[in-house]
Amino acid sequence: AQEGALFSGDAVPAAGTIPIYCDPAASLASLERLKKLSGVRFLLSSWHEPIAGEKIVETMDEGRRYIERIDDIVRRIHAAEPGLACGEMSRKALERLGIRVPKVLFMVEASFRGHWERIAGTGNS
């Protein structure tokens, strides 16, 4: 855009927030593509206050690290309890992220399921 604004929606996750994506590998690839866009001066995401300048790439890198952290948490839970139902695994993963919710929403469970399927070798990633 002429103004240099990038509206990223949920594509740039913020640490400490609930994850909203289905495919962690695709989310990581999207972050890498977004980082390569030229002329971006402002990042307007669903999870952050408006971000400008050099902080944009830093924020995208933080999002990548958060997805990777979730992947590691799900991997550890799966290794310890491979038969655990996805809903319970999602609740445990949220707790390890420091997020307490009365109920795991379907769209959040779908995010953890994406990691779980990737780790278990049953997903597309």
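Reader: Which residues is Ile99 in contact with, leaving aside its neighbours within four places in sequence?
Author: In this predicted model, Ile99 is in contact with Gly16, Thr17, Ile18, Tyr66 and Leu94 once those neighbours are set aside.

Reader: How many residues apart along the chain are Ile99 and Ile18?
Author: They are 81 residues apart along the chain, and their C-alpha atoms are separated by 7.6 Å.

Reader: And where is Ile99 found?
Author: Ile99 belongs to the loop between helix H3, residues 86–96, and helix H4, residues 106–120.

Reader: Is Ile99 buried or exposed?
Author: Ile99 has a relative accessible area of 10%. Buried means under 20%, so Ile99 counts as buried.

Reader: What percentage of the residues in the protein is buried?
Author: Of the 125 residues in the protein, 38% are buried.

Reader: Let us turn to the overall fold. How many helices and strands are there?
Author: The protein contains four helices and three strands. Along the sequence they follow the pattern β-α-β-β-α-α-α.

Reader: What is the order of the strands in the sheet?
Author: The three strands form an open sheet with the order E1-E2-E3, and the pairing is mixed.

Reader: Which strands stand at the edges?
Author: Those are strand E1 (5–9) and strand E3 (51–52). Each has a single partner strand, so one side of each is left without a neighbour in the sheet.

Reader: In which sense do E2 and E3 pair, parallel or antiparallel?
Author: Strand E2, residues 42–45, pairs with E3 in the antiparallel sense, over two bridges. As for the residues involved, Phe42 has Ala52 in E3 as its bridge partner.

Reader: What holds paired strands together in general?
Author: Strands of a sheet pair through backbone hydrogen bonds.

Reader: Now the overall dimensions. What does the C-alpha trace span?
Author: Along the principal axes of the protein, the trace spans about 50 × 30 × 20 Å.

Reader: What radius of gyration does the protein have, and what would a compact globule have?
Author: The protein has 15 Å. A compact globule with 125 residues would have a value near 14 Å, so the two agree.

Reader: What share of contacts comes from residues 24 or more positions apart?
Author: Such residues account for 67% of the contacts with a separation of 6 or more.

Reader: Finally, the surface and charges. What is the accessible surface of the protein?
Author: The accessible surface comes to about 7200 Å², and 53% of that belongs to carbon and sulfur atoms. The protein has 17 positive and 17 negative side chains, with the centres of the two sets 3 Å apart.

Terms used. Residues numbered from 1 in each chain as written. Predicted model: local features only at pLDDT ≥ 70, side-chain atom pairs only at ≥ 80, totals over all residues. Heavy atoms only, no water. Rg over C-alpha atoms; globule rule 2.2 N^0.38 Å. Buried < 20%, exposed > 50% of the residue type's maximum accessible area, 1.4 Å probe, protein only. Contact = heavy atoms within 4.5 Å. Areas by Shrake-Rupley, 256 points an atom, 1.4 Å probe, with all protein chains shown as cover. Lys, Arg positive; Asp, Glu negative; His and termini not counted. Charge placed at Lys NZ, Arg CZ, Asp CG, Glu CD. Pairing = 2+ DSSP bridges.
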